[in-house]
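Open the model in a viewer and keep the sequence panel beside it. The stops below say what to select and what is there.

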Amino acid sequence: MAASARSSLWPDLSAKLVARMLSAHAGIGVILGALLYIVSLSGVLVVFHAEFARWEQPHIREVQSVSPELAQNAAQAVLDHAQAAGEVPHEIMIFMPTPDSPRLAGGYEDSYWFIDETATLGEPIDHGFSEFLIDMHYYLHLPSTLGLIVVGLMGVMMLALVLSGFLAHPRVFRDAFRSHKPGNGQLSLADRHNRLSVWGAPFHIMIPLTGAALGLATIVAVVLAQSEPEMTVTDMFDTVFGAGAEQAAPAGPLPDAAQALRVVERDFAEDGLIPWIVQIHHPGEDEQTLQILTAAPDRLIFGEYLQFSPDGRFIGQTGLENGEFGQQAMASVYNLHFGNWGGVPIKLVYVLLGLALCVVCVSGIQLWLYKRARKKGPQPRLERAWIALVWGPVALIGLCLTLDRVFGLADALLAPVFWIGLIVLTGLSQFAPSKAGLSCGLKLAGAALIGIGASAHFLAYGVSGYQSPAAWGVFAGMMLSALVLTGDALRQPRAEATPAAVTAE
């Protein structure tokens with residue numbers, strides 16, 4: 001007698017429902033792949049975030065350094081402005097000129113201005129587009145803590161994909177130096193995927209590793225704080241980055257930032273530290289304190305916090321520059337992740353390697369779609385959606401650029417335009433007559449919008465208004481990007497290869 005079939009723990013589901021669940025499962029995989037790609041793409045752009053900020057307001061006077069007295073007067077001007085407006089700032093910050101941002105600026109809370117040589121508050125800082133890119137990469141435009149955690153988890157996923165990709169392909173190093181005859185879409189794509197994965201392996205491991213460290217630091221601090229009942233999350237961060245100056249002054253004149261800056265120039269220049277941000281907590285009130293964050297252009301650390309007494313005497317430093325190895329390592333994660341440690345040449349290397357990482361993300365999903373099509377037949381919905389999710393962000397970043405620089409769209413609306421636009425494009429992609437036409441159209445739209453935004457910005461300021469060398473570099477980079485997108489779209493084959501017809505090696 002035949003044995004009875006073992007009953008399943010799961011209830012019987014209709015074939016139609018199972019098919020829908022499998023389709024939803026595949027769709028979620030594509031969405032996660034798209035988010036990894038968007039984080040990578042925005043990371044490429046954020047490498048030059050300081051240059052983008054200088055490009056947005058290219059007419060601002062740039063200087064290599066300012067006197068300590070001017071910085072002191074700038075802090076007083078900011079406080080006077082706040083008091084005249086009936087506001088009580090929690091903290092005043094004066095941004096000193098640095099190689100990445102050679103401009104004097106300052107402000108409090110959400111109000112910041114450029115400051116001229118007479119310590120007069122000038123034009124408000126307007127970095128809407130560069131901040132839109134930063135928020136996309138840091139948080140995916142989610143609330144800050146949640147966004148950091150989500151992006152940190154994306155870093156963990158990317159690191160897992162990189163490592164598992166090597167383990168799953170024992171011949172990957174050999175395949176990185178071989179190529180197949182053109183004409184086979186899957187094998188040509190696999191060649192490109194393998195080459196870029198191997199050649200950029202150190203970068204592809206370092207970027208998600210440091211990104212995960214930055215994004216998940218809050219979770220780690222929460223977990224560690226639970227093991228110490230008297231410690232808070234803030235206390236955990238303070239053990240690495242310091243708790244700020246301890247000597248406070250009574251209400252009255254501002255602390256002597258000018259004297260503190262003289263001390264930095266005299267005693268810390270040999271260590272490669274330069275003044276970056278002057279921080280005055282509770283300015284003009286009881287318990288006001290003075291701290292200076294210095295930058296270290298020739299080191300991997302982002303800088304060092306120096307604490308001063310109210311009369312400008314040096315009283316201590318956090319230890320990011322000369323403390324424990326773990327402290328210095330944590331202080332180096334940010335610059336290592338974003339390439340802020342070797343000037344423009346290193347940034348260009350990061351951009352090239354970052355673009356290679358974008359290609360690896362895209363080609364990985366595309367190879368999965370090829371294999372899925374072979375096993376289950378053509379997947380037109382997923383394939384069209386993936387095209388929209390790859391080239392749609394490029395076009396939408398161009399759209400946000402144009403809306404911000406040409407039409408002055410409110411900064412808060414740029415993120416909704418991007419994400420709602422991406423959802424709409426993905427939906428409309430299902431009605432595209434052909435995949436090749438969809439890809440070509442999105443590339444051309446991206447090229448046109450980037451070109452329009454960059455050109456309109458240039459025409460608004462003119463040659464005389466482009467006083468910043470960084471502005472010329474960003475403008476040239478945008479126009480080059482538009483030309484590359486146009487050329488790629490025009491040389492793209494109009495005939496579509498059917499993934500289901502592609503044979504395996």
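The tour starts with the whole chain and then moves to single elements and residues.

**Before selecting anything**

This is a predicted model, in which local features need pLDDT of at least 70 and side-chain atom pairs count only at pLDDT 80 or more, while totals for chains, interfaces and linings use all residues. Residues are numbered from 1 along each chain as its sequence is written, and side-chain values use heavy atoms, with hydrogens and water left out.

**Whole chain**

Show the chain as a cartoon: it has 17 helices and eight strands. Both are DSSP runs numbered from the N terminus, helices being H or I with at least four residues and strands E with at least two. Of the 505 residues, 48% count as buried; buried means under 20% relative accessible area, exposed over 50%, and partly exposed in between, with a 1.4 Å probe and protein chains only.

**Helix H3**

Select residues 68–84, which form helix H3. Its 17 residues should span 24 Å at 1.5 Å a residue, and the end C-alpha atoms are 24 Å apart, which agrees; the expected span is 1.5 Å times one less than the number of residues. The buried residues of H3 include Leu70, Ala74, Val78 and Ala82. Which elements do the buried residues of H3 pack against? Among them are strand S1 (91–95), strand S2 (105–108) and helix H11 (257–267). After H3 comes glycine 86, with a positive phi near 75 degrees.

The axes of H3 and H11 come within 8 Å and cross at roughly 145 degrees; axes are lines fitted to C-alpha atoms, for helices over the stretch in contact, and angles run from 0 to 180 degrees between N-to-C directions. On the H3 side, Pro68, Glu69, Ala71 and Gln72 meet Ala257, Ala258, Leu261, Arg262 and Glu265 of H11.

Go to arginine 54 in helix H2 (residues 49–56). Is arginine 54 buried or exposed? Arginine 54 is buried, with a relative accessible area of 9%. Leaving aside neighbours within four places in sequence, its contacts include Glu62, Asp100 and Ser468.

Next select methionine 93 in strand S1, which is buried at 15% relative accessible area. Methionine 93 and glycine 106 are 13 residues apart in sequence and 5.5 Å apart in space, C-alpha to C-alpha.

Then move to glycine 398 in helix H14 (residues 380–405). Its relative accessible area is 0%, so glycine 398 is buried. Its C-alpha atom is separated by 4.5 Å from that of isoleucine 450, 52 residues away along the chain. Leaving aside neighbours within four places in sequence, glycine 398 is in contact with Leu449 and Ile450.

**Two loops**

Most residues other than glycine have a negative phi. Select glutamate 109, in the loop between S2 and S3: its phi is positive, near 45 degrees. Glutamate 109 counts as partly exposed at 41% relative accessibility. Finish at histidine 282, in the loop between S5 and strand S6 (289–295). Histidine 282 has a positive phi near 50 degrees and is partly exposed, with a relative accessible area of 28%.

Note on methods: Contact = heavy atoms within 4.5 Å.
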